[in-house]
Amino acid sequence: MSAAESAGESGQDERAEFLRDALAGLSGPGKSLPGKYLWDETGSDLFDRICAHPDYYPTKREMALLPQVASEVAAIVGPRVSVVEFGSGASRKIRTLLDALEAPAAFLGLDISGAYLEAALRRLAPDYPDVAMTPVVADYSKPVCLPPGAAEPPILGFFPGTSIGNFTPEQAGGFLARARETLGPSHFLVGADPTRDPGRLRRAYGEADGLMAALHLNLLDRMNRELGSDFDRDAFRHEARLADDPFRVEAHLVAIRPAAYQLGGRTIRFAAGESIRTDTSHKYAPEAFRALATAQGWEPIRLWIDDDSGFSLHLFRAG
């Protein structure tokens, strides 16, 4: 099979999985879509713009904290480390880490949006000519195998931002277990956010000058484009909701009026006010997150906390 044929077959498999997930999530009550489908090239670009917005505090606070701790991380992990970033996206935060590390050997950026990832690594590579750059197009909500020989020990995993919060606690435990399998003996630097201030959360997840709404509405455009559906994005509004047990922020697309749409040969009906949950951000207190990681075989090494928001960076180790 040629490379082009293989890529075409992979694309067909991905669309088939997307359709199965969309039909499963939208066919019954309590409609939802997996948040991973937000991250096509358009969605990744929109989120990059959200991260630069002053109301979106997680990125701002993390980027204030990361430079303060990067040299300590470098001293702990040592020289010639291979860095594996989960959810690499625009690969901007990694610069702070690569600049602090002593002669890093390799960087593997792992992301579900292949075109966006490869463009990001092309921008990154000229500034780090001695670092082997490898894009890994993969869905980290599933088991991930790194390319053979691309990440030699010592290895540092990096999962920045609040992406761990997109998993339920049970799913987060599964991710941490899979990451230990992916990385092998390694260190793992992970960000987590405990914020519970309703005003701050609604500004960050519900406003941002309409960029957050555009990110979630783009999911309807993506289904129309890739799955042949006929959703009307103007018939939905974006809404951020706070929920408890466990504490989280949920993103919803709320139907403005009754409507019916076609998807994969089925009719998807909406009542006025019915919503699609498109993403979730769980908020983890530091002690709760450390306990979650410890249960999956990660040994806590260091914890750093931002004074303004409580955003935390955890460094773990697995043998």
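## Salt bridges

The structure holds 19 salt bridges. A salt bridge here is a side-chain nitrogen of Lys or Arg within 4 Å of a carboxyl oxygen of Asp or Glu. This is a predicted model: local features need pLDDT of at least 70, side-chain atom pairs count only at pLDDT 80 or more, and totals for chains, interfaces and linings use all residues. Residues are numbered from 1 along each chain as its sequence is written, and side-chain values use heavy atoms, with hydrogens and water left out.

Lys 31 forms a salt bridge with Glu 274, with the closest N and O atoms 2.6 Å apart. Lys 31 lies in the loop between H1 and H2 and Glu 274 in the loop between E9 and E10, so the pair ties together parts that are 243 residues apart in sequence. Helices (H or I, at least four residues) and strands (E, at least two) are DSSP runs, numbered from the N terminus. Lys 31 is buried, at 8% relative accessible area. Glu 274 is partly exposed, at 23%. Buried means under 20% relative accessible area, exposed over 50%, and partly exposed in between (1.4 Å probe, protein chains only).

Glu 17 forms a salt bridge with Lys 36, and their closest N and O atoms are 3.5 Å apart. Glu 17 sits in helix H1, Lys 36 in the loop between H1 and H2. A network of salt bridges links Glu 17, Lys 36, Asp 139 and Lys 142.

## An open sheet

An open sheet of 3 strands runs in the order E6-E7-E10, with antiparallel pairing. Strands E6 (236-243) and E10 (275-282) stand at the edges with a single partner strand each, so one side of each has no neighbour in the sheet. E6 and E7 (residues 248-255) pair over 8 bridges. Two strands pair if DSSP finds at least two bridges between them. Leu 242 has Val 249 in E7 as its bridge partner.

## Nonpolar cores

The largest nonpolar core has 36 residues. Such a core is a set of buried Ala, Val, Leu, Ile, Met, Phe, Trp, Tyr and Cys residues joined through side-chain atoms within 4.5 Å. Leu 26, Tyr 205 and Phe 236 are among those with the most contacts inside it. Helix H8 (211-227) is one of the contributing elements. H8 gives the largest share, 8 residues. Apart from this core lies another, of 31 residues, including Leu 108 and Tyr 284.
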